[in-house]
Amino acid sequence: MTTPTNDKVTLIELCKELKVDPRDARMVLRLASKKAKEFPNLAKDHVARQPWEWAAGSKGLEEARKALSTAPS
C-alpha cells in the first residue's frame, strides 16, 4: 500500500490500526458526531455523505480514535 501524500488518515486506515470493522466504525462515528458536547471537533469536521477522513494529528482524529476505542464491541 502506498503512503498518502496529503497527510490524510482515512477510515480504512484507522480501522486497520484499531482492528475495528469499517461498517461498525461508521455507525459509531455517526452516533459520536451527534454528541457535539463530547466530540466537538468530530461533529464539526465531518460533512454528511462524504468519506470519513482526518488530517494527521488533528483533534478530530483524536476524537475519532477515542470514540472507536470506547465503543462496545
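The questions and answers below concern helix packing and one serine in a predicted model.

Residues are numbered from 1 along each chain as its sequence is written, and side-chain values use heavy atoms, without hydrogens and water. In this predicted model local features need pLDDT of at least 70 and side-chain atom pairs count only at pLDDT 80 or more, whereas totals for chains, interfaces and linings use all residues.

User: Which residues of helix 4 are buried?
Analyst: Helix 4 covers residues 59-70, and buried means under 20% relative accessible area, whereas exposed means over 50% (1.4 Å probe, protein chains only). On the other side of the helix, K59, E62, S69 and T70 are exposed. The buried residues of helix 4 are G60, L61, E63, A64, A67 and L68.

User: Is S33 buried or exposed?
Analyst: S33 is found in helix 2, and a polar atom of its side chain lies 2.9 Å from the backbone oxygen of R30. Leaving aside neighbours within four places in sequence, S33 is in contact (heavy atoms within 4.5 Å) with L42, A43 and W52. Because its relative accessibility is 18%, S33 counts as buried.

User: At roughly what angle do the axes of helix 1 and helix 2 cross?
Analyst: Two packed helices are described by the angle between their axes and the distance between the axes. Here L11, I12 and C15 in helix 1 meet P22, A25, R26 and L29 in helix 2. The axes, lines fitted to C-alpha atoms over the stretch in contact with angles running from 0 to 180 degrees between N-to-C directions, come within 10 Å and cross at roughly 105 degrees.

How values were computed. Helix = DSSP H or I, 4+ residues; strand = E, 2+ residues; numbered from the N terminus. Expected span 1.5 Å × (residues − 1). Polar contact = N/O pair within 3.5 Å; in protein donor to acceptor, adjacent residues only side chain to side chain.
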